[in-house]
Every structure is written in C-alpha cells, then in structure tokens.
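Biologist: I'd like to learn how to read salt bridges in a model. Could you walk me through one case?

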Amino acid sequence: GEAFATSEIRVLSDKPIRQNEIIAICVVKNDIVKIKQFICHHRTIGVDKFVILDNMSTDGSVDWLKEQDDVVLLQTSIPYSTNRREGWINRIIAHYGDNRWYLVADSDELLVYNGCEQHNLHEVVNHFRNQKIYRIRALMVDMYAQSEYYVNGSIEDCFKQCVFMDSNSYYYSERNHLKLICGGPRERVFHQPPWLTKYPLFYFRSKDIECKSHFFFPLKDNLKSKCYLVLKHYKFQPGELEKIKNIVESGNYYNGSTQYKNYLRVLEESDRIDFICDNTVEYSSSDSLNLIGIYDPIDW
C-alpha cells in the first residue's frame, strides 16, 4: 500500500494506449539481454503495448527502451522489494484502468501456450472471455542448459542454450483458493520448493487486486482456470553469483530472500550447476508443452 501510494514514478517516454490493446507490464533493472528478448517475443504473440518500469538501470537498457515505438517507459529510484513491485504494478494498472487485458511478467519470463505460433494473444483472450475466464493460470517452467554453459557460457546466449525443461517433476500443493504447483529443477537442485503457479494474463475488473503474481484477490476466482499457459523462466545464467549475493544481503525478496539463501549455499558448495536429469526434455516448439504432464492445452 505504501509503495502504491507514495513511490515517485517518472515518465521517460509515453505512448497512447487504446482500450482494446493488450498491455504487458514489466519491472526491470540491468537486464538488457532479457528485456530485449521479452519485448521481441511478446510482440510476436500479440502484445500491443509495453509499460516498462525501470529501477535505475545502468546497462544501456533505458536508451534502448526509449527508442521502441510500442514502449511506455517509466522509472523509479525507490529500492526494489517484492512488496514494492506489487504496489508499483497495481499503480500502473490503476492508471490504465479496469476492464482491459494485461500481461504481467518478469524480464526473464516468456509466455507460451499450445498453438502460440498460429494463435495470437487476442485469440487467446477472446477464447477465454467466451468461457467467462478472466484470470488465466500458468505454470512457470524453469529453462536450463547443459552444465558446461554455466561454466564457460555467456548470458547473451541464454535463449539459445537454455532449451531444456523438466517434464514430470511438478506436483500440486493444495492451498485454499489456489492450485499451487511446486517442483521442477529448482526443487531438485536447490531443495527449495518454488511457487510455480502464476496468473500472468488477466482481464482486470474493479474488484481485483494483483498480489505477488501467484494469486489475485478475490481468492475464489483463482480456481476458475486450468493451467492453460506456460511461462518459460530463464533464471540461472553464467556470472549471476554476485547478483544472488546482493539479493541475499539486501533481504528485499520474499521472506527475507530465503529462496536465494538456499541458491547461494548450493552454488558456493558446488563447482558447477547440473540441471539435466532423467525427465529432461527439449523445448523445440509449443508442441513440446504436451510433454509436461501437469499442463492443460487450450482446446482451440
């Protein structure tokens, strides 16, 4: 609430946005490789406008974002925290208003679904609007590479190298009003069950509150959707040990950055990351999503 009401947000580059356009919202800091791919990919599947909130990047991404014809660029100097992120996102949504479709994702997440090469996001939202589904559930799938990449690779190659994913290591952990999914390579390697349920694509109504991306209020509406979407998640990359150390020291992520403390402990004890396992499969197209046992394909 404090972040929503008091954070100073400056407009660096503005664009008009029509009511029928799908808006993608992303908070980013010093992630130029991933934010370029984020925008390129989501343009391809039908996002009309991007509202990017920059948190004082110094890697050239601000200049690049200013040059994009479909990007509204905002900036805040308030230090990042998980709760502040949600306050900022809800403030952006409040500005653009209710009764429109939004996509909210991080810069290291790419939205896919079965048939995304043929069916764009406007077809997706029309499909679910007809079914009166206004929050579309997604499974966050951690993408990974062969272990050698994490030793000698470059983050510039992350989308070419991280083409592998788990197929059957996911499971439901029942919570009230939330079909919480856990598992995946992070649980296997770091022994830390991540929350893999998200609602990135939604039609925002006046009664809604977007909360931590993993669920919305009112809670009862979270159960109306099956897991129709996938967020390909490119989390661990070469040279990110210092970034993880900074997150641990700041304690600004969920629950005092507990997950990142586990990541740091394992990374410091091991000489390399190896995510490959018996149920590893390669993502080559959206047809590969059918290999994920917990995924529910859209019935086009």
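This is a predicted model: local features need pLDDT of at least 70, side-chain atom pairs count only at pLDDT 80 or more; totals for chains, interfaces and linings use all residues.

Modeller: Gladly! Residues are numbered from 1 along each chain as its sequence is written, and side-chain values use heavy atoms, with hydrogens and water left out.

Biologist: What do the side chains of R205 and D221 form where they meet?

Modeller: A salt bridge is a side-chain nitrogen of Lys or Arg within 4 Å of a carboxyl oxygen of Asp or Glu. Here R205 and D221 form one, at 3.5 Å from N to O. R205 lies in the loop between β11 (197-204) and β12 (209-211), and D221 in the loop between β13 and β14, so the pair ties together parts 16 residues apart in sequence. Strands such as these are DSSP runs (E, at least two residues; helices are H or I, at least four), numbered from the N terminus.

Biologist: Which residue has its closest N and O atoms 3.9 Å from those of D221 in a salt bridge?

Modeller: That is R135. R135 sits in strand β7 (residues 135-142), 86 residues from D221, and both are buried.

Biologist: And is K224 buried or exposed?

Modeller: K224 is exposed, with a relative accessible area of 52%, whereas D221 has 4%. Their side chains meet in a salt bridge at 3.2 Å, N to O. Salt bridges with shared partners join R135, R205, K207, D208, K220, D221 and K224 into one network.

Definitions and conventions: Buried means under 20% relative accessible area, exposed over 50%, partly exposed in between (1.4 Å probe, protein chains only).
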